[in-house]
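Trainee: Could we go through this model by question and answer? Please put it on the screen.

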There are 2 protein chains.
Amino acid sequence: MPSPSLTPIDVNRLKAVCSTCSLHELCLPAGLDQRELEIFGRLFNRRRPVKRGDYLYRAGAELQSLYALRTGFMKSCVLHEDGREQVAGFHMMGDLLGLDAISSNSHTCDTVALEDSDVCEIPFSSLEKLSREIPSLQNHFHRIMSREIVRDHGVMLLLGSMRAEERLAAFLLNLSQRFAVRGYSPTEFNLRMTREEIGSYLGLKLETISRVLSRFQEEGLIEVQNKHIKIKKPEKLHALIGQTACKI
Amino acid sequence: MPSPSLTPIDVNRLKAVCSTCSLHELCLPAGLDQRELEIFGRLFNRRRPVKRGDYLYRAGAELQSLYALRTGFMKSCVLHEDGREQVAGFHMMGDLLGLDAISSNSHTCDTVALEDSDVCEIPFSSLEKLSREIPSLQNHFHRIMSREIVRDHGVMLLLGSMRAEERLAAFLLNLSQRFAVRGYSPTEFNLRMTREEIGSYLGLKLETISRVLSRFQEEGLIEVQNKHIKIKKPEKLHALIGQTACKI
DNA sequence: ACACTGGTTTGACCTAGATCAAAATGCCGC
DNA sequence: GCGGCATTTTGATCTAGGTCAAACCAGTGT
């Protein structure tokens with residue numbers, strides 16, 4: 001039953017907050033009722049801006065919250081104590097960050113904003129509590145964690161058995177698809193990261209990224225202008241790889 | 001309160017079943033009371049043997065259960081439709097398998113026994129239900145998923161930024177450590193997988209695995225005899241890499 | 001004991017991508 | 001609009017690891 005203290009307008013406001021907040025991942029599919037929604041909205045309302053270049057969290061920091069990325073763009077890097085760092089993922093609107101920290105109660109990678117961003121803090125203990133009460137939320141959360149595992153397997157496939165061209169094609173198509181899901185153009189977008197960061201993610205050097213990008217351009221598959229990318233022949237990019245790698 | 005229908009002997013039996021069943025991952029740390037233990041024991045009692053070479057599950061199969069590996073050794077492979085396959089992980093006693101399937105309700109990789117094995121089936125819906133009732137179980141399950149994510153990040157680091165020697169050193173030390181945790185010798189063990197499977201996992205070819213293994217042997221770091229490995233200078237293997245990669 | 005089969009080792013050679021270097025471009029603060 | 005810095009492009013060269021090929025070995029079933 002609807003809680004008496006909530007008008008339909010409140011509920012709509014909550015829904016709006018909620019759906020902006022963690023769009024694709026946490027909120028929408030949870031199918032909460034009004035009372036649940038209210039709690040949910042409260043829980044998910046702790047907004048925190050992160051300026052470009054700032055850390056959302058660093059490796060070693062204690063787990064307090066997970067973070068739903070509302071707007072902006074981030075990267076996560078896992079570090080090797082000899083200085084090497086490996087970009088483990090790029091995150092955009094709707095992604096849920098910090099899952100790595102649950103295992104040991106402390107973060108295992110650095111997460112940095114690549115442009116001015118906004119996150120919702122989600123205190124992890126509250127999330128666990130709430131998901132004990134709301135089965136659909138529980139299941140949804142499990143799916144999100146599992147999806148991350150599947151995604152990582154995809155990256156392992158990419159790093160372990162694809163050539164430079166294939167990796168980059170998969171990368172571009174993956175970005176394209178993620179933009180599409182979020183309502184942006186899948187064929188034209190700005191890269192938020194440097195060639196070096198792409199290289200790190202794909203296990204290649206920045207020069208190789210640059211060269212392959214140029215080659216793709218020569219072959220008419222894409223147009224590159226600095227950070228601006230226009231995908232002209234997605235089907236040819238697809239052909240370069242198998243489909244597996246980009247449906248992550 | 002203890003359930004009146006359970007004698008201390010029952011409880012001990014359940015504890016035994018339970019701890020053999022999913023040793024390091026699910027049971028031990030859950031800290032259940034007697035009633036919980038009883039339900040748990042029932043839930044985890046569906047034993048299923050898997051013969052060497054048989055599939056535990058295949059990509060595409062619907063998610064029914066997760067599997068706690070009781071005895072034996074398995075590998076998971078993610079497949080590329082052009083035939084390439086990438087080994088995504090090796091599993092031993094105590095590991096929890098099938099987490100990838102939660103995301104889409106169907107498995108995304110093949111899991112095959114590398115030697116005769118035994119698993120406990122854990123119906124996923126029951127696990128979700130039970131973990132709503134037992135917070136410590138819930139949290140433990142979340143940690144397991146998160147650990148898998150952390151592990152995968154480690155593999156990404158390895159594949160993305162380590163040289164062949166480093167990869168193999170990290171691999172051997174990782175195995176060594178996992179055997180140690182399970183009470184086996186960390187310095188002497190049998191590889192259950194072929195050089196080709198190691199290669200696939202590490203993003204290298206079998207010839208490279210063979211060569212590097214030989215080189216390690218020449219340098220006195222290890223002794224290899226076919227599948228039998230003796231680690232003679234773990235500290236030197238450590239020195240070859242940073243520590244990060246092997247503490248997964 | 002033997003032959004088959006699948007796995008492993010080792011060698012010779014080759015190539016994708018790394019490395020090094022330098023020029024070109026874009027971007028930010030002033 | 002200008003100077004300085006970071007990023008990117010492109011070229012020339014080098015090398016780790018891949019490829020191809022042949023011998024070798026270990027376990028299995030007969």
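Mentor: First, a definition: a polar contact is a pair of N or O atoms within 3.5 Å; within protein, one must be able to donate a hydrogen and the other to accept it, and residues adjacent in sequence count only if both atoms are side-chain atoms. The model is predicted, with local features needing pLDDT of at least 70 and side-chain atom pairs pLDDT 80 or more, while totals for chains, interfaces and linings use all residues. Residues are numbered from 1 along each chain as its sequence is written, chains are lettered from A and ligands numbered from 1 in the order written, and side-chain values use heavy atoms, without hydrogens and water.

Trainee: How far is a phosphate oxygen of DNA strand D from an N or O atom in the side chain of A:S210?

Mentor: A:S210 is among the closest of the 18 residues that surround DNA strand D, where near means a heavy atom within 4 Å. For the side chain of A:S210, the distance to a phosphate oxygen is 2.8 Å.

Trainee: Which side chain has an N or O atom 3.3 Å from a base nitrogen of DNA strand D?

Mentor: Sugar and phosphate account for 63% of the atoms of DNA strand D that come within 4 Å of the protein. The contact you ask about goes to a base nitrogen, and its side chain is that of B:E207.

Trainee: Which element gives the largest share of the surface near DNA strand D?

Mentor: Elements are DSSP runs numbered from the N terminus: helices are H or I of at least four residues, strands E of at least two. For DNA strand C, the largest share is five residues, from α7(B). For DNA strand D, the largest share is also five residues, and the element is α7(A).

Trainee: Which strands of the chain B sheet stand at the edges, and why is one side of each left without a neighbour?

Mentor: Two strands pair if DSSP finds at least two bridges between them. The open sheet of chain B has the antiparallel order β7-β9-β8. One side of each edge strand lacks a neighbour because each has a single partner strand; these strands are β7 (188–190) and β8 (222–225).

Trainee: Which residue in β9(A) stands opposite A:F189?

Mentor: In chain A, β7(A) pairs with β9 (residues 228–231) in the antiparallel sense over three bridges. A:F189 stands opposite A:I229.

Trainee: Over which ring does the charged end of A:R58 sit?

Mentor: A charge sits over a ring if NZ of Lys or CZ of Arg is within 6 Å of the ring centre and within 35 degrees of the ring normal. In chain B, B:R58 is placed over B:Y55, 3.7 Å from the ring centre. The charged end of A:R58 is 3.7 Å from the centre of the ring of A:Y55.
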